[in-house]
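Dear colleague,

Please find the structure below, together with the sequence. My notes on it follow.

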Amino acid sequence: MPLRFAPLCLLAVAADAHDFWLQPARWQAAPGEPIRMTLQVGHGPYRQRSPIPARRIVRFAAIAPNGRQIDLRPGMHIGGADDATAAFGAPGTYVVVLETDNRAESHLPAIRFNDYLKVEGLTPAIALRTSAGRMDADGAENYSRHAKTIVRVGLAGAQPASRVTKPAGLALEIVPEADPLTIGRGGALPVRIYYRGTPLAGALVKLNDLDHDAEPVAMRRSDAQGRAVFRLPGKGNWQLNVVWTRPQPKTSLTDFDTSFSSLSFGAIE
Amino acid sequence: MRNIVPAVAAAALAIISSPAAAHTGTGLAGGFASGFMHPLSGWDHLLAMISVGLWGAFLGRPLIYLLPVTFPLMMVVGAVAGMFALPMPPVEIGIALSVLVLGGCVAAAFRAPVWLAVTVVATFALFHGYAHGRELPSAADPIGYSTGFVLATGALHVVGIVIGLAADHRHGAIAIRLAGGAIAVLGVVFLVQAAGA
Amino acid sequence: MRDPHLALALLGVATGGLTVGFGRKGGVLLGAIALAATVGAVLPTPDAGTGEPLLALAWGLIIIAAGSLWLPDRLRPHALNLVIAIVSGGTAGLLGRVAGVGTLGWFAVALTFSTVVSILLARKRWRLPIRVVAGWLVAIGALNATLTILPVTPGYLPDHLE
């Protein structure tokens, strides 16, 4: 390895669009009032509506405060003026979840694939490629999306207990241990990362301000219990995201099966 | 001390470059600034480019202007080969050899005939270009990146020429030859590292 | 179309500074007038379509304009300066038509600045540095022309959109 030092000035334009989330037009609505939602991908100048086809969405539902699951697929109209509309009659905090299959594929040249693994904190994948001598090989993966968003129906004062702090059964999931909508400015927001039902250690979790999302506001690695703690800056539109991957069987056409998970919410204090 | 040159260059580029391109964490090559910094970001590239200028200054006309033109032009040929991933001998070894040989030519005050000097420089330029070319298509702004690293290469040649011309007296000539020797020794180090990698 | 700013700036440098400014007396003024007239004449024409072929042409012209400086003087007649000036100006105008008139500012500024510098250097008989820079521009033009015909440039393609 020749004598090299890390480049001091890498002004890199991110031509990537890794992140995916549910974006309601409003975080609060009156009972029965329609809430329009879009599926968004990418941050900063690369933010756009996701071109995902509807057939890939395997779950689109809301979890009511009493734990009842409401199928929202009849309200989906992917690719229209927005991507879905939902209305909830009873006041309360609802968790809207969306999951896709893993039939999306990404094929990147070695440099970009390695960079993507580094940016998303997928160090086990980097270690695997290194040990297999494949750091110069192009990278191929299947990937799936697992998004949640929190919407509030009715006034804040009369809210029944919500399901926000309970897992919703996503393959990769960010579960807040405190309701983000009740945390004041500077308050701690602990989250737990679950992968296939068990706490996930070592995952890179990012907090984004959706109004200024060219760069994450904060990044944390989940600890041995899968926990990461953030300080909520205050009022605004926020999004947490995490990515995890696992190697595919040797018979697979791709190298990795990757899950992208997000949690979006609007803090009002 | 060894970080001063790239640090100053980075600061200057940070001032003149658009600030809108930063992104946390990614190591992907970017645009013009990233390309300009690339030859400066590795001692092997940097020393080889300066050695071309030093040797050209020593050899005089016409090589003083032929060599700093030959290297970028052949570097582009190498870059195109890299972009299309054409087979090539081990590039890191070729780059390390370039530092050793070019430094050695300066140290030995080797008065090569025009055809030989151009051939040596052109051959090594292929290796340097190939290394840049492998990264180039993944740059977010390949055009800016390619422009940056060609201009940086030319600028480094000019630095070598200026140093070479400024030492146009007896003690200066000895200093230049000693510098060439030091560059050649570093070339041996790079070669050992590249061969062992 | 990819960002044309750098191509326009370097086309301005190669055409104005190296070709027009490097030319013999009389050719300088003629070349400058031809350049300005061509840029102005092209702007009102109908949409030139996608800019990728124009970008490739721009890089090719940079190679030709810069490479022509290495020709012996007897092989560089006034007419060659004029032809390069007209074709370059026309290409810049068409690129401006596709990418927006504002982009021509890059061409105009680079053209003016490099013409002045080139005239001053040529008067001091510093033709060699100009030729060396021309060589670099040939290298840049060749590399970027290759990029326009490369089947895939992954750096431009966003990933994980679905």
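A crossing of two helices is called right-handed if the near helix is turned clockwise from the far one by less than a right angle, and left-handed if it is turned anticlockwise. In this predicted model, H4 of chain B passes H6 of chain B in a right-handed crossing. The two helices span residues 63-83 and 114-135 of chain B respectively; their axes come within 6 Å and cross at roughly 35°. By class, the contact between H4(B) and H6(B) holds 22 nonpolar residues, seven polar residues and one charged residue.

A word on confidence is in order. The average pLDDT of chain B is 84, and 84% of the residues score at least 70. Within chain B, helix H5 (residues 91-107) has the highest confidence, at a mean of 96, whereas helix H1 (residues 4-16) has the lowest, at 45. Over residues 7-25 of chain B, pLDDT stays under 50; the model has 28 contacts beyond four places in sequence for this stretch. Where pLDDT is low, the predicted coordinates should not be read in detail.

With kind regards

How values were computed:
Residues numbered from 1 in each chain as written. Chains lettered and ligands numbered in written order. Predicted model: local features only at pLDDT ≥ 70, side-chain atom pairs only at ≥ 80, totals over all residues. pLDDT = per-residue confidence, 0-100. Helix = DSSP H or I, 4+ residues; strand = E, 2+ residues; numbered from the N terminus. Contact = placed C-beta atoms within 7 Å. Axes fitted to C-alpha atoms, helices over the stretch in contact; angles between N-to-C directions. Nonpolar A, V, L, I, M, F, W, Y, C, P; charged D, E, K, R; others polar.
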